[in-house]
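Subject: A structure for you to look at

Hi there,

Here is the structure I promised to pass along. Have a look at it first, and then read on for my notes.

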Amino acid sequence: LQKASREELTKIDQAFESERIELLEKQHQEWESLMQQRSNKEVECLKETAQRVEDFSSQLQHLRVQDAEEYNMVKIKLETDVQVLEQQLQAMRATYQLNSEKLDYNFQVLKKRDEENTITKSQQKRKITRLQDT
């Protein structure tokens, strides 16, 4: 009886041990599967991040080129505007100089006429005085 009990106890121990080994193997396989899934997700996330970085880098480069082109266009426009304004300023200075010279000339002419008129007036007064005296 003891021998049968021991044999039965040994069989039960062996059954427990084999069940424990099966459970450990099953848990190990499940663990490996979960770790593989995690690894795959990490790789996928890294790829997505790398793609986003590449996309943003491309967009940034495109914006830099676009801004450089816009900057150059604005710079050219402003330089052209400056040249036009400088030409207008030179034209205004020339016009001012010409008008100033005309005014000086006209002033001299008027001054000379005034002198001539004063002389003529003086002569006519003398003539009138002479005519009145006679």
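Glu42 has a relative accessibility of 41%, so this residue counts as partly exposed. Please keep in mind that this and everything below comes from a predicted model. The partner of Glu42 is Arg38: the two form a salt bridge in which the closest N and O atoms are 3.3 Å apart. Both sit in helix H1 with a spacing of 4 residues, which means about one helical turn separates Arg38 from Glu42.

How many salt bridges does a search of the whole structure find? The count is 3. As background, side chains of opposite charge can pair when their charged atoms come close.

Another of these contacts joins the side chains of Arg20 and Glu17, with an N to O distance of 3.0 Å. Arg20 and Glu17 are 3 residues apart, about one turn, and both belong to helix H1, which covers residues 2-133. Arg20 is partly exposed because its relative accessibility is 43%, and Glu17 is partly exposed because its value is 36%.

Then there is Lys77, which forms a salt bridge with Asp81; here the closest N and O atoms are 2.9 Å apart. Again helix H1 holds both residues, and Lys77 and Asp81 lie 4 residues apart, or about one turn of the helix. With a relative accessibility of 30%, Asp81 counts as partly exposed.

Now for the chain as a whole. What secondary structure does the chain have? There is 1 helix, and there are 0 strands. The C-alpha trace spans about 190 × 25 × 10 Å along its principal axes. The radius of gyration of the chain is 56 Å, whereas a compact globule of 134 residues would be near 14 Å.

Of the 134 residues, 0% count as buried. The accessible surface of the chain comes to about 13400 Å², and carbon and sulfur atoms account for 56% of that.

How far is Gln27 from Ser58, 31 residues away along the chain? Their C-alpha atoms are separated by 46 Å.

That is what I have for now.

Best wishes

Terms used. Residues are numbered from 1 along each chain as its sequence is written. This is a predicted model: local features need pLDDT of at least 70, side-chain atom pairs count only at pLDDT 80 or more; totals for chains, interfaces and linings use all residues. Side-chain values use heavy atoms; hydrogens and water are left out. A salt bridge is a side-chain nitrogen of Lys or Arg within 4 Å of a carboxyl oxygen of Asp or Glu. Helices (H or I, at least four residues) and strands (E, at least two) are DSSP runs, numbered from the N terminus. Buried means under 20% relative accessible area, exposed over 50%, partly exposed in between (1.4 Å probe, protein chains only). The radius of gyration is taken over C-alpha atoms; the globule rule is 2.2 Å times the number of residues to the power 0.38. Accessible areas come from the Shrake-Rupley method with a 1.4 Å probe; for residues, only the protein chains shown count as cover.
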